[in-house]
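Work through the exercises below with the model open. Try each task before reading its solution.

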Amino acid sequence: MVQLHVKRGDESQFLFTTTVDVCVESLTQQVAQIYNGRLKVDRVCSEIPELADHGITLPPNMQGLTEDQITDLKLKDEWEDKCIPSGGAEFRKDEIGRRNGHAPNDKMKDVLKKTMEEAKALISKKQVLANVCVTMDMVKEALDQLRGAVMIVYPMGLPPHDPIRAELENQEDLSGTQASLQVIPEEEAQLWWAAKEMQRGKKLRDYIGKNEKTKIVVKLQKRGQGAPSREPVVSEEEHKQMMLHYYRRQEELKKLNEMDDDSYLQSEWADRQTLKRQFQGLTNIKWGPR
């Protein structure tokens, strides 16, 4: 199987395996799906701590308002009594006024945060260092873990305006957000290898040959963003190893120079004639008047 090291810019994303006979169009879609799926997992995981600490999201017309303003405007959160966490709620006020403050208890909080860490680890960029390839099934498994944890803590579900529910139901609206700039639609995705765009009408073997054991670095790019930067001749890790080797070599040379120092030959103990002069009584001879 051909192993692809997928990067976005100069940043590693994940490893992906395929065959040389795969069509570039299909390959690009698969890579884009995994890339966008990992972004979705990251977005859900970024909201989980807020859910665990401050409860469900307030309706959009109540977010950011003080209690006095909510009272004056006679606003009410209809989902507050419906979406009660398992084991009861503990009030922890959300200082920014985005969530209602009715948080789950510590046990349920641990369920959410532990599941979040497991889901993040499943599709983490550290999998590249561990030489673990990421698949779309792994992305779906991470989302299913998060969905299951949310259902355990909130059996009645989350309100429709909560971003976690929107993400898990694929109803998220990212327009106008920084997250929307990271997403790459499948039809706009491009794969680059060796500073060349891989054309969708061709097959992978047209670029890398027929060797199924090939390992290459490909860069995922959005159409219209131009060619990504070329891969450096020496990787960052190799550069560190070279600098470490150079430093060790310098230290070795310093020690060798110290060992070659012959200034000790001028010392009294290094004089070969000292013993002879002692027997002949020629030591400590001073010329001049006493």
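**Exercise 1. Strand pairing**

Which residue in E7 is the bridge partner of Leu 4? Then work out how E7 pairs with E1 and E5 in this predicted model.

Solution. Start with Leu 4: its bridge partner in E7 is Ile 216. E1 covers residues 2-8 and E7 covers residues 215-222; the two pair in the parallel sense, over five bridges. Now turn to E5, residues 189-193. Four bridges join E5 to E7, and these strands run antiparallel. In this pairing, Gln 190 stands opposite Gln 221 of E7.

**Exercise 2. Helix H5**

Solution. Next, list the buried positions: Met 138, Val 139, Ala 142, Leu 143, Leu 146, Ala 149, Val 150 and Val 153. Finally, identify what they pack against: helices H1 (24-54), H3 (106-122), H4 (126-129) and H6 (163-168), plus strand E4 (102-104).

**Exercise 3. Rings**

How many aromatic pairs does the structure hold? Which ring does the charged end of Lys 82 sit over?

Solution. Count the pairs: there are zero aromatic pairs. Then follow Lys 82. Its charged end sits over the ring of Trp 79, 4.8 Å from the ring centre. The cut-off for this distance is within 6 Å.

Key:
Residues are numbered from 1 along each chain as its sequence is written. This is a predicted model: local features need pLDDT of at least 70, side-chain atom pairs count only at pLDDT 80 or more; totals for chains, interfaces and linings use all residues. Side-chain values use heavy atoms; hydrogens and water are left out. Rings of Phe, Tyr and Trp (its six-membered ring) pair if their centres lie within 6.5 Å; planes under 30 degrees apart count as stacked, over 60 as edge-to-face and the rest as tilted. A charge sits over a ring if NZ of Lys or CZ of Arg is within 6 Å of the ring centre and within 35 degrees of the ring normal. Two strands pair if DSSP finds at least two bridges between them. Buried means under 20% relative accessible area, exposed over 50%, partly exposed in between (1.4 Å probe, protein chains only). Contact means heavy atoms within 4.5 Å.
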